[in-house]
Amino acid sequence: MAKRVLKEEEESLWRMVVRDIVPLHPSRLKSKPVPVPTPKVEAVKPARVSLVPPPPAEQDLSFRALLARPVLRRARPQDLRVGVRSPGLDDTSWKRLSRGELKVDAKLDLHGYIVQDAFERLLDFMHRAKARNWRCVEVVTGLGSGATSGLIRRELPLWLQRADIRPMVLAVVHPHAANHGSVRILLRTKRR
């Protein structure tokens, strides 16, 4: 008797939970349900993957078809890291930049700024550098002192990864191994 009462309560709770559910795509309700194929016990042969999608009229938009498609990843720009050589940078430029022998065209000092103001100044500075076709610039962030300081120094690599700044930058290095409070940035230039 008690099991029966529990089962009835469980069913009534289930009906209360499910009663307000509305399908996301009512038009799909009219179509026939996709039959689930029974798995056959055979030797599994590797399937050939076609990178060319079928024409739009023949595309199967079911969830199973989407899962079966190969994942095509778009190439994204290489992550920018301070002191690491980027692909496509020639040896001479990299050595001159990393040794500090490359002439600095302009310098931006971000000491004393709050993070938002520092970001806005960097953004303006980078766009000015691109417009003036500068090759090498230096950005001084400072080391910071205290437990919560040095935010600008930590945020700078993330700012340089932004989609509007990253295409301008070839490489980033610290001008001196002992001083991590400034970076030199090698920029892409337009051909003259």
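Residues are numbered from 1 along each chain as its sequence is written, and side-chain values use heavy atoms, without hydrogens and water. Because the model is predicted, local features need pLDDT of at least 70 and side-chain atom pairs count only at pLDDT 80 or more, while totals for chains, interfaces and linings use all residues.

**Exercise 1. Determine the order of the strands in the open sheet.**

Step 1. Helices (H or I, at least four residues) and strands (E, at least two) are DSSP runs, numbered from the N terminus. Two strands pair if DSSP finds at least two bridges between them.

Step 2. The order of the 4 strands is S1-S2-S4-S3, with mixed pairing. Strand S1 (106-109) and strand S3 (169-173) are the edge strands, each pairing on one side only.

Step 3. S3 pairs with strand S4 (residues 182-187) in the antiparallel sense, over 4 bridges. Valine 173 has arginine 184 in S4 as its bridge partner.

**Exercise 2. Identify the residues with the most contacts inside the largest nonpolar core.**

Step 1. Buried means under 20% relative accessible area, exposed over 50%, and partly exposed in between (1.4 Å probe, protein chains only). A nonpolar core is a set of buried Ala, Val, Leu, Ile, Met, Phe, Trp, Tyr and Cys residues joined through side-chain atoms within 4.5 Å.

Step 2. The largest such core has 25 residues, and Met126, Val139, Leu160, Val169 and Ile185 have the most contacts inside it.

Step 3. At least two residues each come from S1, helix H4 (115-132), S2, helix H5 (151-160), S3 and S4. H4 gives the most, with 7 residues.

Step 4. A second, separate core has 9 residues, among them Cys136 and Leu170.

**Exercise 3. Explain why the buried residues of H5 lie on the same side of the helix.**

Step 1. The buried residues of H5 are Ile152, Leu156, Trp159 and Leu160.

Step 2. They cover an arc of only 80° around the axis, and therefore lie on the same side of H5. The arc is that of the directions from the helix axis to the C-beta atoms.

Step 3. These buried residues pack against H4, S2, S3 and S4.

**Exercise 4. Classify the aromatic pair of phenylalanine 125 and tryptophan 134.**

Step 1. Rings of Phe, Tyr and Trp (its six-membered ring) pair if their centres lie within 6.5 Å; planes under 30 degrees apart count as stacked, over 60 as edge-to-face and the rest as tilted.

Step 2. The centres are 6.0 Å apart and the planes form an angle of 45°, so the pair is tilted.

Step 3. Phenylalanine 125 is buried at 2% relative accessible area, and tryptophan 134 also counts as buried, at 16%.

Conventions
Contact means heavy atoms within 4.5 Å.
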